[in-house]
Amino acid sequence: MEFWMIIIFILISIGVVIHYTIGFQGFLPIIIVDAQKALVLDNRLGKDRVITEGINRYIPGVEVVVGEVSLKEQPIDPPNQTIVTKDNIELDVDMIATIKIVEPTKAVMDVEDYEKSVTSLVMSSTLNQLGQMNLADIQKQQDALSKKIRDHMKEDCKRWGIDVILVKFESITPPPSIREAMQKEIVAEKESRASILKAESDHKVHELHADSEKVLIEKRAEATHKVIKDLKELMPTLSDEKIMQFLTKTAYIDSMKELSSSSNSKFVLYPTETDQPMSKIMNAEYISRSVDN
């Protein structure tokens, strides 16, 4: 009888051990966690743990859900704040940050409200950076400033199990008087640039005209030189003085022709020399035709 009691006791003991080591989980409640979510469990008897997407078991009374967080990237959009720059200009600044929780336990257990804490950190970091700079430098260095603010936040957020993905300015708005002055400056700069371009264009036009006149003068000189050469070949005994008189009268005749043929011409001028003017002109025109032929 005692033998069978010992056998029964051993079998019961083995069953209890098997139940608690292998089959115990089969009798525990379950928690279903949504995708991209994480639940933080506070274990009263041991180490806290995190359960993620899917079906998870837990020990009631021993493990308690103390927080739920999203594992997605999430925006932090602080309210607008007024910042006074180094040159005493008040700016209305609107910032936005993007964060991602990488250690849910820290985000839930090590900080009271991580969203509120990150919001305050964005605002204080922005104030710290912009308050040391002039407005002109802030406007020129917005991208660099965004990176500085993000780097400044990273160390603090790391303690909360949070990674700062992005920080950027949504808007930087100076007072109306400053905006009006800036607008006037932009307009003045555009007008100045337009004046410079016009002056450069006029200068180029003048240069082109000068080059054109130079070419025309050179061509006239070449033509005159050729006429003189031809006249000397035709009439070797003709003096230089006579040749110059001929060229002068020829030019005079051409100008009279152009003036008389103009639709706007109202009168025609004749030579002021009254003694033998027409004979001189006719002789000049005869020589001109001889040279052309």
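**Entry 1**

I began with Lys 147, which is partly exposed at a relative accessible area of 49%. For my notes: buried means under 20% relative accessible area, exposed over 50%, and partly exposed in between (1.4 Å probe, protein chains only). This is a predicted model, where local features need pLDDT of at least 70, side-chain atom pairs count only at pLDDT 80 or more, and totals for chains, interfaces and linings use all residues. Residues are numbered from 1 along each chain as its sequence is written, and side-chain values use heavy atoms, with hydrogens and water left out.

Which residue does Lys 147 meet in a salt bridge? I found Asp 151, at 3.2 Å from N to O. The term asks for a side-chain nitrogen of Lys or Arg within 4 Å of a carboxyl oxygen of Asp or Glu. Asp 151 is partly exposed too, with a relative accessible area of 35%. Both residues sit in helix H5 (residues 142–159), four residues apart, about one turn of the helix. Helices (H or I, at least four residues) and strands (E, at least two) are DSSP runs, numbered from the N terminus. I also noted a network of salt bridges that links Lys 147, Arg 150 and Asp 151.

How many salt bridges does the structure hold? I got eight. One of them joins Arg 159 to Asp 156, with the closest N and O atoms 3.5 Å apart. These two are three residues apart in helix H5, so about one helical turn separates them. Arg 159 is partly exposed at 48% relative accessible area, and Asp 156 is partly exposed at 24%.

I looked up Lys 154 next: its salt bridge goes to Asp 163, with the closest N and O atoms 2.8 Å apart. Lys 154 has a relative accessible area of 29%, which makes it partly exposed. Asp 163 counts as partly exposed as well, at 29%.

**Entry 3**

Then I turned to the strands and found an open sheet of three, in the order E3-E2-E5, with antiparallel pairing. Two strands pair here if DSSP finds at least two bridges between them. E3 (49–51) and E5 (63–70) are the edge strands, each pairing on one side only. From one strand to the next, the twist averages 30°; axes are lines fitted to C-alpha atoms, for helices over the stretch in contact, and angles run from 0 to 180 degrees between N-to-C directions.

I followed E2 (residues 37–43) to E3 and found three bridges, with the strands antiparallel. A hairpin of five residues joins E2 to E3. Leu 41 stands opposite Arg 49 in E3. Between E2 and E5 I found seven bridges, antiparallel again. What does Val 40 pair with in E5? The bridge partner there is Gly 67, while in E3 the partner of Val 40 is Val 50. E2 is mostly covered, with five of its seven residues buried.

**Entry 1: confidence**

Last, I checked pLDDT, the predictor's confidence in each residue, from 0 to 100. The protein chain averages 76, and 69% of the residues score at least 70. Where is confidence lowest and where highest? The lowest is in helix H8 (residues 277–292), at a mean of 46, and the highest is in strand E6 (residues 74–76), at 95. Residues 17–25 have a pLDDT below 50, and this stretch has four contacts beyond near neighbours in sequence. Contact means heavy atoms within 4.5 Å. Residues 272–293 also have a pLDDT below 50, with 21 contacts beyond near neighbours in sequence.
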